[in-house]
Amino acid sequence: MKLILLGAPGAGKGTQADILSKKLGISTISTGNILRAAMKNGTPVGLRAKEYVESGKLVPDEVVIGIVQERLAEKDCAGGYILDGMPRTIPQAEALERGGIDIDCALSIEVEDAVIVERMSGRRTCPDCGASFHIKANPPKAEGICDNCGAALTIRRDDAPETVRDRLATYHAETEPLKAFYAERGKLKTVDNQPTIEATTAEIEKALGL
Ligand code: AP5
Ligand code: MG
């Protein structure tokens with residue numbers, strides 16, 4: 001299974017990618033997590049990405065395309081993968097096609113903007129493994145501690161309400177056109193956001209025939 005998860009910031013891509021990758025035994029490639037790790041480690045890519053990520057703008061296509069091409073060439077991707085947060089622009093999708101990457105499905109999680117702004121205020125993120133929690137919808141077992149790796153959870157800088165609004169505007173202008181791109185290729189499936197994470201997973205599994 002080669003799956004792309006599309007959807008606005010906060011749609012639940014990371015959360016659902018985690019669940020599906022455990023269930024299907026395939027890796028998730030999250031460009032957001034890769035960029036945040038690079039920023040934390042102060043690598044050249046991280047230094048270049050920082051101002052874009054923190055202000056809610058997209059990192060230049062060539063940076064992201066390079067990262068993903070390298071990552072997809074690794075052994076664990078041979079049997080399939082989930083792309084979370086990439087492609088984000090038509091040029092990124094075209095680069096995947098040019099690289100011979102033939103995906104099975106681009107699945108878009110549809111959520112209204114108002115729900116997103118409210119939801120992001122409750123998100124808590126693991127700075128080490130990238131896992132996403134929510135103070136109400138998906139609380140960690142111990143308050144403030146990552147269930148997966150035990151690190152102290154943080155609030156992402158780009159989850160400030162004004163930055164969330166900028167990220168939503170960027171999504172509608174640059175990423176949403178990918179739905180038409182994949183629909184033209186017969187690869188698009190859409191799922192409506194559900195009130196709980198579990199119910200959204202059930203809709204995704206139905207859409208994917210799992
Ligand atoms: P990235 O990290 O990809 O952020 P994003 O797309 O803005 O999405 P998020 O990670 O914020 O949300 P999500 O959909 O994963 O939701 P989550 O599962 O956490 O990118 C960050 C930045 O990096 C970009 O702005 C850009 O600068 C750069 N970047 C990354 N990729 C790039 C690319 N390809 N090109 C250029 N630049 C790139 O869920 C959100 C919250 O909601 C959680 O708290 C969760 O617990 C909760 N939740 C989820 N589902 C439900 C539900 N059904 N009901 C209730 N709560 C729910
Ligand atoms: Mg995410």
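The model is predicted: local features need pLDDT of at least 70 and side-chain atom pairs 80 or more, while totals for chains, interfaces and linings use all residues. Residues are numbered from 1 along each chain as its sequence is written, and side-chain values use heavy atoms, without hydrogens and water.

Next, colour T163, V164, R167, L168, T170, Y171 and T175, the buried residues of α7 (buried is under 20% relative accessible area, exposed over 50%, partly exposed in between, with a 1.4 Å probe and protein chains only). They cover an arc of only 165° around the axis, which puts them on the same side of α7; the arc is taken from the directions from the helix axis to the C-beta atoms. Turn to the face away from the buried side to find exposed E162 and A173.

Now show what the buried residues pack against: β1 (2-7), α3 (44-55), α6 (113-120), β5 (123-125) and α8 (177-184). Contact means heavy atoms within 4.5 Å.

Select L35, A38 and M39 of α2 with V45, G46, A49, K50, V53 and E54 of α3 to see the contact.

Last, go to E205 in helix α9 (residues 197-208). E205 is buried, at 17% relative accessible area. Beyond neighbours within four places in sequence, E205 contacts K23 and L210.

How values were computed. Chains are lettered from A and ligands numbered from 1 in the order in which they are written. Helices (H or I, at least four residues) and strands (E, at least two) are DSSP runs, numbered from the N terminus.
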